[in-house]
Amino acid sequence: MGAPGALLVMGVSGSGKSTVGALLASKLGWKFYDADDYHPEENRTKMGKGIPLNDQDRIPWLCNLHDILIRDVAAGQHVVLACSALKKMYRDILIRGKDGVLQKCDDSGKEEKLPEVKFFVVYLSGSSEVISGRLHRRKGHFMPPKLLQSQFDTLEPPSAPENFIQISVDRDLSEIIATIIETLNIK
């Protein structure tokens, strides 16, 4: 397949996105971003109170992440992004921007020719029971386990023509990383 410009490691909260993404980026020598670090305070507060985010909460956050990806890829940097990206629409925003054309999401009005981003999705999938158990063991995260069902309800797993691989979270971490690298044919 050859190296994409950006890898999206996606799944519901507790699926291992940050762990897999950081390890993968380290192994490949790519830049790593954890989308959770870019949530505005209002989103964190809302989730902390047990209120699921809606599209209006997520779209500005996704636009910000899109702009970061485009900036880095345009500068020749390969990127791994750990982000829930639960709906196809959210993944489309990450890849193409808010209006579905490759552009910056900001409203500065400046025309800017942006590079086509070769994007590959790694979907970490697992049962509600397994992932719930992980969330209950996790400490210090703003996303409470009681919101997990809302994430499963929102989830639209990737499908053709999206460029993706689905990997079970039941697999060993080293096996997950090896499978991703083998799929991408990256040495």
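**D153.** I started with D153 and found that D153 is exposed, with a relative accessible area of 59%. For my own use: exposed means over 50% relative accessible area, buried means under 20%, and partly exposed lies in between, with a 1.4 Å probe and protein chains only. D153 sits in helix α6, residues 148-154. I noted that helices (H or I, at least four residues) and strands (E, at least two) are DSSP runs, numbered from the N terminus. I also checked D153 against L86: their C-alpha atoms are 9.5 Å apart, while 67 residues separate the two along the chain.

**A note on the model.** This is a predicted model, where local features need pLDDT of at least 70, side-chain atom pairs count only at pLDDT 80 or more, and totals for chains, interfaces and linings use all residues. Residues are numbered from 1 along each chain as its sequence is written, and side-chain values use heavy atoms, with hydrogens and water left out.

**The whole chain.** I counted 7 helices and 5 strands. Read from the N terminus, the order is β-α-β-α-α-β-α-β-α-α-β-α. Of the 187 residues, 47% are buried. I then looked at contacts (heavy atoms within 4.5 Å). Among those between residues at least 6 apart in sequence, 77% join residues at least 24 apart.

**T179.** Next I went to helix α7, residues 173-184, which holds T179. T179 counts as buried because its relative accessible area is 18%. Its side chain makes a polar contact with the side chain of R171 at 2.8 Å. The side chain of T179 also reaches the backbone oxygen of E175, at 2.8 Å. My rule for a polar contact: a pair of N or O atoms within 3.5 Å; within protein, one must be able to donate a hydrogen and the other to accept it, and residues adjacent in sequence count only if both atoms are side-chain atoms. Leaving out residues up to four places away in sequence, T179 touches I165, I167 and R171.

**The core.** Which residues touch the most other members of the largest nonpolar core? I found L7, L8, L81, C83, L94 and V122, in a core of 47 residues. A nonpolar core here is a set of buried Ala, Val, Leu, Ile, Met, Phe, Trp, Tyr and Cys residues joined through side-chain atoms within 4.5 Å. I followed L81: leaving out residues up to four places away in sequence, L81 touches L7, L8, V9, Y33, A35, L65, L69 and L94. Y33 is itself buried, at 7% relative accessibility.
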